[in-house]
Amino acid sequence: MNAAADAPLSCGNCRATMRRLALDGHYGAGVAVDLCEPCHLVWLDGTEGARLTGTGMLGLLDVMAQSHSLAHHVLRPAAGCARCGAGLKTVHN
């Protein structure tokens with residue numbers, strides 16, 4: 001296990017500790033993703049999004065929907081990577 005990968009991440013937007021979610025992955029493997037509930041941001045490392053099963057994705061969406069009852073933190077222009085702090089790039093999935 002990589003201790004750095006297992007350490008809780010801080011949100012690249014608000015710096016709060018992100019919530020680690022254990023979700024269903026393909027072939028019985030679990031997939032861990034990180035969620036900042038106040039910012040409504042999900043951190044997916046590498047291929048985590050592709051490794052989620054349909055039920056894993058639905059589980060993620062369920063937790064995200066529940067977090068919408070929290071006060072929302074607006075995405076700052078200076079928001080950065082939860083791992084290294086570098087600027088973010090827009091991607092389409």
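1. Aspartate 45 has a relative accessibility of 23% and therefore counts as partly exposed, a class that lies between buried (under 20% relative accessible area) and exposed (over 50%), computed with a 1.4 Å probe on protein chains only. The side chain of aspartate 45 meets that of arginine 83 in a salt bridge, at 2.5 Å from N to O; the term stands for a side-chain nitrogen of Lys or Arg within 4 Å of a carboxyl oxygen of Asp or Glu. Because aspartate 45 lies in the loop between β3 and α2 (48-51) and arginine 83 in the segment after α3 (54-67), the pair ties together parts 38 residues apart in sequence.

2. On the basis of the model, which is predicted, local features need pLDDT of at least 70 and side-chain atom pairs count only at pLDDT 80 or more, whereas totals for chains, interfaces and linings use all residues. Residues are numbered from 1 along each chain as its sequence is written, and side-chain values use heavy atoms, with hydrogens and water left out.

3. By the salt-bridge rule, the count comes to three. Glutamate 37 pairs with arginine 19, their closest N and O atoms being 2.8 Å apart. Glutamate 37 is partly exposed at 22% relative accessibility, and arginine 19 is partly exposed at 38%.

4. Arginine 20 forms a salt bridge with aspartate 34, with 2.7 Å between the closest N and O atoms, and this pair links strand β1 to strand β2 across 14 residues. Arginine 20 is partly exposed at 34% relative accessibility, whereas aspartate 34 is buried at 2%.

How values were computed:
Helices (H or I, at least four residues) and strands (E, at least two) are DSSP runs, numbered from the N terminus.
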